Amino acid sequence: MGQALNKSQGRSGRKPAGDTARMGALRLLAAVDEGATLDEAAALNERLAPPDRARARRLALEVLRCTQPADAVLMPLMARRPRPDILRILRLATVEMLALGEAPHGAVNAAVALTRGLGGKGQAASGMVNAVLRKVSSAQNIWADLPAQRMPDWLRKPVAAQWGEDIALAIETAHEAGAPLDLTPKGAMPEDMPGEALPTGSYRLASGTQVSVLPGYEAGDWWVQDAAAAMAVRVLDPQPGEAIADLCAAPGGKTLQLAAAGAEVTAVDISQARLARVAENLARCGLSATLVAGDALDWRSDAPLDAVLLDAPCSATGTIRRHPELPRIRDGAGLAELTELQSRLIDHALDILKPGGRLVYATCSLLPAEGEDQMAAALARHPGLTVEPPQAPGIDPAWITPQGALRLRPDLWPERGGMDGFFILCLRKTTEGT
Ligand SMILES: C[S@@+](CC[C@H](N)C(=O)[O-])C[C@H]1O[C@@H](n2cnc3c(N)ncnc32)[C@H](O)[C@@H]1O
């Protein structure tokens with residue numbers, strides 16, 4: 001490795017392979033440090049060729065999943081904390097070598113070149129970067145023993161209080177492992193579709209699979225949707241011809257499921273821009289629904305509603321496998337506002353539902369405040385409700401809570417690659433009303 005890390009290589013003017021993607025990853029990481037989500041920052045890499053853009057995102061995702069372990073290796077090797085741009089380069093190279101198994105030679109050379117590219121201070125720091133990363137490259141044993149990245153206290157405390165320390169650790173391990181690519185079939189999946197058919201009806205492929213080259217993409221035979229997210233509509237069990245409102249619909253994975261089942265769907269979302277994505281997804285899949293842009297709290301149906309799906313706005317803490325920046329850019333503030341909105345949406349959903357109709361409440365959250373506690377409060381406010389036990393193929397009885405809800409967590413299905421965190425409960429409005 002010694003020769004490969006020769007400082008003079010950075011002066012040759014030749015960019016190490018993968019440099020563009022690495023620069024793209026560093027841009028994304030800098031934006032996250034400023035409080036942006038990866039989706040918000042994606043436009044920064046618009047000029048990159050699609051393969052480099054995809055690799056930049058994969059690298060940034062991996063760094064965000066392993067920032068704490070990377071720092072645990074790096075910090076003892078430095079006299080003081082480096083400036084943020086240099087720290088990002090060090091973390092990237094560390095994660096490339098220790099988490100992704102990249103050859104030290106390429107990762108270290110690239111890091112030194114990127115450091116020099118920062119100008120005067122970077123030139124001065126490049127020797128330190130080279131020396132530190134040489135040591136990091138032989139730290140595999142230390143890396144293997146490091147615990148997975150901890151959730152922040154505002155999230156970890158309620159999770160550990162609800163399910164215990166072991167489950168909190170298992171969830172952290174699942175966060176670090178990332179997420180595979182899950183698809184929901186519209187009908188039968190194309191026969192040549194690679195991957196694994198899951199017991200719940202979703203289809204699972206390796207993460208990083210290029211979606212647009214898969215069989216059936218053009219024909220709209222399926223859409224991308226996490227296996228846990230797909231369970232809310234399976235629990236609702238839509239029937240052909242039923243009038244169903246999807247009150248917080250965008251980007252529309254659940255609207256597509258409802259429409260594919262033959263329901264008469266009205267998809268409501270407060271965001272016109274996000275609702276445009278529902279329209280695009282429906283068009284690609286050859287499905288239809290009535291789209292309404294507006295506040296669900298102000299919307300009422302002209303016809304009686306057989307069912308309402310309320311996939312409420314929430315902390316999205318169940319999706320950290322896919323959005324590892326969330327714990328970095330959120331601090332739990334705003335939770336009270338969200339739970340207040342959720343309870344108002346629940347009350348409105350029950351109000352517009354016909355007697356005998358069913359409400360499925362779902363959140364992609366790990367916080368009991370947005371799931372178990374929220375529903376306990378709703379049941380106390382509305383005595384005329386019955387809980388419908390979740391019935392759908394592939395449900396493990398261990399996923400059903402004493403309350404009769406489906407509680408899905410990232411640590412479930414570890415041998416299959418996990419699933420997002422979701423809370424799902426189906427209620428029936430009795431004819432006596434609520
Ligand atoms: C969890 S996402 C929904 C995901 C969607 N059900 C799916 O499966 O693709 C929550 C959505 O609620 C929308 N939203 C937030 N507040 C709303 C409100 N008061 N009325 C209607 N939609 C709202 C947001 O714009 C966002 O698209």
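## Helices H6 and H7

The crossing of H6 and H7 is right-handed, a crossing being called left-handed if the near helix is turned anticlockwise from the far one by less than a right angle, and right-handed if clockwise. In this predicted model, local features need pLDDT of at least 70 and side-chain atom pairs count only at pLDDT 80 or more, while totals for chains, interfaces and linings use all residues. Residues are numbered from 1 along each chain as its sequence is written.

Helix H6 (residues 104-116) and helix H7 (residues 120-136) pack with their axes 8 Å apart, at an angle of about 160 degrees; helices (H or I, at least four residues) and strands (E, at least two) are DSSP runs, numbered from the N terminus. Axes are lines fitted to C-alpha atoms, for helices over the stretch in contact, and angles run from 0 to 180 degrees between N-to-C directions. H6 and H7 are therefore roughly antiparallel to each other (angles under 35 degrees count as roughly parallel, over 145 as roughly antiparallel, 65 to 115 as roughly perpendicular and the rest as oblique).

On the H6 side, the contact includes Val-108, Ala-111 and Val-112, and on the H7 side it includes Ala-125, Val-129 and Leu-133, where two residues are in contact if their C-beta atoms, placed from the backbone, lie within 7 Å. By class, the contact of H6 with H7 has six nonpolar, five polar and two charged residues (Ala, Val, Leu, Ile, Met, Phe, Trp, Tyr, Cys and Pro count as nonpolar, Asp, Glu, Lys and Arg as charged, and the others, Gly among them, as polar).

## Helices H9 and H10

The axes of helix H9 (residues 153-163) and helix H10 (residues 165-177) come within 7 Å and cross at roughly 130 degrees, and H9 and H10 are therefore oblique to each other. Their crossing is right-handed. Arg-156, Val-159, Ala-160 and Trp-163 of H9 meet Glu-165, Ile-167, Ala-168 and Ile-171 of H10, a set that divides into six nonpolar, no polar and two charged residues.

## Two domains

The protein chain is divided into domain 1 (3-145) and domain 2 (181-429), with bounds that come from an automatic or database domain assignment. Their centres, taken over C-alpha atoms, are separated by 37 Å. Eight residues of domain 1 are in contact with six residues of domain 2, and helix H3 (residues 50-65) gives the most to the domain 1 side, with four residues.

## Around the ligand

Of the 17 residues around the ligand, Cys-248, Ala-250, Ile-270, Ala-296 and Asp-311 come nearest (a residue is near a molecule or strand if its C-beta atom, placed from the backbone, lies within 6 Å of it). Helix H12 (253-260) and strand E6 (264-269) are the elements that give two or more residues to this shell.
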